[in-house]
Amino acid sequence: VERMANLIRPETLIRSANYLKTEDFADRFIDLCERAAEQFSSEPRVLELESPMYIFGDLHGNLEDLQFFADNIWPMGMNLTAGKFLFLGDYVDR
């Protein structure tokens, strides 16, 4: 909690805003973008998947949907369900 409080203090926010204007930040950001582009370009754009499949994604913080499967489907065992599981990104709200 204290760490979170430190993040929103005015002096911390000002330091952060100033850092965003530095060459160091720009270099690190460009490096991160280049590494992400490298990773994305090495992965297939389309996956060929077999049916049946449970697809999870875009939960936006609605963990009740995920909890339903955890309570009702997964206790049978991953190998005993009718399909496979595909988890997509974007699990939390912004």
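Asp24 is partly exposed, with a relative accessible area of 36%; by definition, buried residues lie under 20%, exposed ones over 50%, and partly exposed ones in between, with a 1.4 Å probe and protein chains only. Its partner in a salt bridge is Arg28, and the closest N and O atoms of Asp24 and Arg28 are 3.2 Å apart. The term salt bridge denotes a side-chain nitrogen of Lys or Arg within 4 Å of a carboxyl oxygen of Asp or Glu. Arg28 has a relative accessibility of 54% and therefore counts as exposed.

This is a predicted model, in which local features need a pLDDT of at least 70 and side-chain atom pairs count only at pLDDT 80 or more, while totals for chains, interfaces and linings use all residues. Residues are numbered from 1 along each chain as its sequence is written, and side-chain values use heavy atoms, with hydrogens and water left out.

Why can such a pair form? Side chains of opposite charge can pair when their charged atoms come close. Arg28 and Asp24 are four residues apart in helix α3 (residues 23–42), so about one helical turn separates them.

A second pair occurs in helix α3. Arg35 forms a salt bridge with Asp31, again with the closest N and O atoms 3.2 Å apart. Because Arg35 and Asp31 are four residues apart in helix α3, about one helical turn lies between them. Arg35 is exposed at 52% relative accessibility, whereas Asp31 is partly exposed at 35%. The count of salt bridges comes to two.

The wider chain can now be considered. Its secondary structure comprises four helices and two strands, where helices (H or I, at least four residues) and strands (E, at least two) are DSSP runs numbered from the N terminus. Along the sequence, these elements follow the pattern α-α-α-β-α-β. Of the 94 residues, 10% count as buried. The accessible surface of the chain is about 8400 Å², and 58% of this area belongs to carbon and sulfur atoms; the areas come from the Shrake-Rupley method with a 1.4 Å probe, and for residues only the protein chains shown count as cover. Among contacts (heavy atoms within 4.5 Å) between residues at least 6 apart in sequence, 65% join residues at least 24 apart.

Confidence remains to be examined. The mean pLDDT, the predictor's confidence in each residue from 0 to 100, is 79 for the chain, and 77% of the residues score at least 70. Confidence is highest in α3, at a mean of 93, and lowest in helix α1 (residues 2–7), at 64. Where pLDDT is low, the predicted coordinates should not be read in detail.
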